[in-house]
Amino acid sequence: MLIHSKLIDYRVDIQTKLPDPFQRNDQGFSSQSSFFVIDQAIYDCYPELFKALSSEKVFIFDVSEESKTMQYVFKMCEKLLENRCQRRTTLVAIGGGILQDVAGFVASIYFRGIPWIFYPTTLLAQADSCIGGKTSLNFLKRKNLLGTFYPPERIVICLQFLQSLSEKEFRSGIGEVIKLHIISGEKKFDQLFEKKESLFSRDLDSWGKWIQSSLEIKKSYIETDEHDLGLRKTLNFGHTCGHAIEACTHYEIPHGQAVLMGIIIACEMSFLRGMLSESKKQRVEALCEEVVGDLIPLKGIDREQFFEIVAMDKKNEENAIVEILIDDNLLPHIVNDVSKEEIAKALTKVVSF
Ligand SMILES: NC(=O)c1ccc[n+]([C@@H]2O[C@H](COP(=O)([O-])OP(=O)(O)OC[C@H]3O[C@@H](n4cnc5c(N)ncnc54)[C@H](O)[C@@H]3O)[C@@H](O)[C@H]2O)c1
Ligand SMILES: [Zn+2]
């Protein structure tokens, strides 16, 4: 798959097997030398892949939401500088969405931008975040506030990485896959719904297909509106309340699962506004609930903090809360006159205060 971007066009390859072991100066990449940023979990799970690399060319990233900060960016830049990485050094990033956000940010600022290659290893990163070119850091308790648009030169998806992913993180990825298949309309959602058993398996053939189909959906959005000025905002379906749930649970609920809860809330709001029929709402809800399981009803959420975060959402305009709602064909709409009371009413589907 080729993704067109204003900066560069880049290729996404999907393969079942793991990459070949990385070599000291991997010439498969476009630069003279490479520097590796590797998720700690991947480094521990797949030592064979990295044993030929000298330690000074490797930065092991112990990922958490707390590491999406400038301090971590500076640490990585220091290591790049210590190792005399130059403008033509390729940064090879291997890990999930957090590592992608930070490594991509570093690649975009070091020498005003060095080439980078991404091997996504979580389902969320493989099926969703790897394309679109966004890099993000958290700042002053606000998620993804700082960032750049800076796509990698190439993305290599190795499905076998999914075998070692925890069930919690796997279900987080399923969340974004469901989101993408809802907002591309009823036909795509029905295809997913009819084969929903395959979502819960680790059958790599099925997953190759779901990942391909998710990326094709996302590709159509990001190529039309790369810089998030209009249409791309609808990819944020489920994220207004999802981000607030993540933050209020101190990121105990992983991103994609929080998004599914946000989708349940958005569907209820769409229904209460008469945009979505009860039967369609129930169908979407049923699938989301199957994935989040007994995580709902959520308890212990600080109501005030929840609405504070919702009020700070990036999509908001002046004093109005902006939400993505869906119609009866499951197509998304940007709605810019949402009230706090409206959200509060729908929130009871997920949260028990
Ligand atoms: N840039 C974007 O466009 C974009 C889009 C969506 C989400 N995001 C961001 O992505 C982040 C979430 O990323 P994520 O869901 O990929 O999770 P993650 O990067 O936090 O990884 C989840 C956990 O899985 C471990 N892990 C990674 N790959 C593994 C594997 N193959 N086997 C075993 N363990 C593995 C990691 O060490 C980590 O503990 C959020 O911060 C979110 O804001 C970015
Ligand atoms: Zn998301």
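What follows is a conversation about reading the features of this predicted model.

Colleague: Let's begin with the overall layout. Into which domains is the protein divided?

Modeller: Keep in mind that the model is predicted. The protein splits into domain 1, residues 2-164, and domain 2, residues 171-347. Taken over C-alpha atoms, the centres of the two domains are 26 Å apart.

Colleague: And how many residues does each domain bring to the contact?

Modeller: Domain 1 puts in 24 residues and domain 2 puts in 27. On the domain 1 side, the elements giving two or more residues are β2 (10-15), α5 (123-129) and β8 (142-149). Of these, α5 gives the most, with 5 residues. By class, that side of domain 1 has 11 nonpolar, 8 polar and 5 charged residues.

Colleague: Now the ligand. Which residues come nearest to ligand 1?

Modeller: There are 31 residues around ligand 1, and Ala41, Gly96, Gly97, Thr122 and Ser129 come nearest. Two or more residues come from each of α1 (40-45), α4 (97-109), α5, β7 (134-139) and α6 (167-183). The largest share of the shell is from α4, with 5 residues.

Colleague: What is the make-up of that shell by class?

Modeller: The shell around ligand 1 has 14 polar, 11 nonpolar and 6 charged residues. Domain 1 and domain 2 each supply at least three residues to this shell.

Colleague: On to the sheet. In what order do the strands run?

Modeller: The sheet is open, with 7 strands in the order β1-β2-β9-β6-β5-β3-β4, and the pairing is mixed.

Colleague: Which strands stand at the edges?

Modeller: Look for strands with a single partner. Here those are β1 (2-3) and β4 (58-61), so each has one side left without a neighbour in the sheet. The partner of β4 is β3 (residues 34-39), and the two pair in the parallel sense over 4 bridges. In that pair, isoleucine 38 stands opposite isoleucine 60 of β4.

Colleague: Then there is β6. Is it enclosed or open?

Modeller: Count the buried residues, where buried means 20 or more other C-beta atoms within 10 Å. In β6 (residues 116-120), 5 of the 5 residues are buried, so the strand is largely enclosed by the rest of the structure. Next to β6 is β5 (residues 90-95), paired with β6 in the parallel sense over 5 bridges. One bridge to pick out puts alanine 93 with phenylalanine 118 of β6.

Colleague: What about the largest nonpolar core: which residues have the most contacts inside it?

Modeller: That core has 107 residues, and Val37, Leu91 and Ile265 have the most contacts inside it. Helix α10 (residues 255-272) brings the largest share, 11 residues. The core draws at least three residues from domain 1 and at least three from domain 2.

Colleague: Take leucine 91, then. Which residues is it in contact with, beyond its neighbours in sequence?

Modeller: Setting aside neighbours within four places in sequence, leucine 91 touches Phe35, Val37, Ala103, Val106, Ala107, Ile114 and Trp116.

Colleague: For contrast, is aspartate 13 buried or exposed?

Modeller: Aspartate 13 counts as exposed, because the number of C-beta neighbours inside 10 Å is 10. The cut-off for exposed is 12 or fewer. Aspartate 13 lies in strand β2, and beyond four places in sequence it is in contact with Val156 and Ile157.

Methods:
Residues are numbered from 1 along each chain as its sequence is written. Chains are lettered from A and ligands numbered from 1 in the order in which they are written. This is a predicted model: local features need pLDDT of at least 70, side-chain atom pairs count only at pLDDT 80 or more; totals for chains, interfaces and linings use all residues. Domain bounds come from an automatic or database domain assignment. Two residues are in contact if their C-beta atoms, placed from the backbone, lie within 7 Å. Ala, Val, Leu, Ile, Met, Phe, Trp, Tyr, Cys and Pro count as nonpolar, Asp, Glu, Lys and Arg as charged, and the others, Gly among them, as polar. A residue is near a molecule or strand if its C-beta atom, placed from the backbone, lies within 6 Å of it. A nonpolar core is a set of buried Ala, Val, Leu, Ile, Met, Phe, Trp, Tyr and Cys residues joined through C-beta atoms within 7 Å. Two strands pair if DSSP finds at least two bridges between them.
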